[in-house]
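Here are my notes on this one, as numbered points. Have the model open while you read.

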Amino acid sequence: MLSFPSHVNASENNSKKKAAISYETVITEQNIYEVFEYLGLDTNSFIADNSVNFGELTVGELESAILSINSEPKNIVKSEIVLPKIKELSGISLMSATNSMTLDSSLTVGSATITFHAVGSYITTTWTGATAGNADVDSDMLIYVFKLSNQVNRTSCTSSVITLSYSGNLDTYLGIADLGLVKIGTQTYSGTSYFYARNYLYNF
């Protein structure tokens, strides 16, 4: 089980530990917190987890990943009119008194894609209400693990348009062997998606 090293009031010992760390040093259970200190990472952001083995990781590889993430924009903002996909329109009937449909929009942040969800209620050709759900994140980059934090997803509705407003943080983690995940960067995102009834309910 991982534990924090005890604090010692000896700068000489700390200097020796740092001197022992190089670009080629493999991160292990024995040196992981010294590596975090060496690279300026917050030890509180480490999530211990031995259920998955992410493979061997060196100090140089971790540092390169940190530099790569830090080169990405820190704040992403998007505003868009979302047009329906065929699958969203299939099976919709405007003959029923009250219906609902799922509304999705997406935001690309670096190598991750965040998808936002809402449910819109309608009668014939007008919106009558909307609710927002939690967003989810996906990526083809296997070396990173992405997590969403501080999500705020809200909807507002008029007869002609549902507005989905969202904001939050995209936290990027890197897996270290079978030790766990360390957070190497955070990007903030915010945006607004508009779902017009004329695009979703007028095509029938």
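1. Where is Asn 150 found? Asn 150 sits in strand 7; strands here are DSSP runs of E of at least two residues and helices are runs of H or I of at least four, both numbered from the N terminus. Its phi is near 55 degrees, a positive value in a residue other than glycine. Asn 150 is also exposed, with a relative accessible area of 57%; the cut-offs are under 20% for buried, over 50% for exposed and partly exposed in between, with a 1.4 Å probe and protein chains only.

2. Ground rules before going on. This is a predicted model, in which local features need pLDDT of at least 70 and side-chain atom pairs count only at pLDDT 80 or more, while totals for chains, interfaces and linings use all residues. Residues are numbered from 1 along each chain as its sequence is written, and side-chain values use heavy atoms, with hydrogens and water left out.

3. The overall layout. The protein has 5 helices and 9 strands, and from the N terminus the order reads α-α-β-α-β-α-β-β-β-β-β-β-β-α. There are 204 residues, of which 40% count as buried. Taking contacts (heavy atoms within 4.5 Å) with a separation of 6 or more, 64% are between residues 24 or more positions apart.

4. Asn 153 is one to click on. It belongs to strand 7, residues 144–157, and is buried at a relative accessible area of 17%. Its side chain makes a 2.9 Å polar contact with the side chain of Gln 151. For that term, a pair of N or O atoms must lie within 3.5 Å; within protein, one must be able to donate a hydrogen and the other to accept it, and residues adjacent in sequence count only if both atoms are side-chain atoms. A polar atom of the Asn 153 side chain also lies 3.3 Å from the backbone oxygen of Gly 133. Setting aside residues up to four places away in sequence, Asn 153 touches Phe 116, Ala 132, Gly 133, Asn 134, Ala 135, Ser 165, Tyr 166 and Ser 167.

5. Next, Phe 116. This residue is in strand 4 (residues 112–123) and is buried, with a relative accessible area of 1%. Beyond four places in sequence, its contacts include Leu 103, Leu 107, Asn 153, Leu 164 and Tyr 189.

6. Just after helix 2, Gly 40 takes a positive phi of about 75 degrees.

7. Another backbone angle to check. Thr 124 has a positive phi of about 50 degrees although it is not a glycine. Thr 124 lies in the loop between strand 4 and strand 5 (126–132) and is partly exposed at 37%.

8. Asp 138, in strand 6 (residues 136–139), counts as exposed at 54% relative accessibility. Its contacts outside four places in sequence are Ser 111, Ala 112 and Thr 113, and its C-alpha is separated from that of Ala 112 by 5.7 Å. Asn 169 is in strand 8 and counts as buried at 16%. Among the residues Asn 169 contacts are Lys 147, Asn 150, Thr 188 and Tyr 189.
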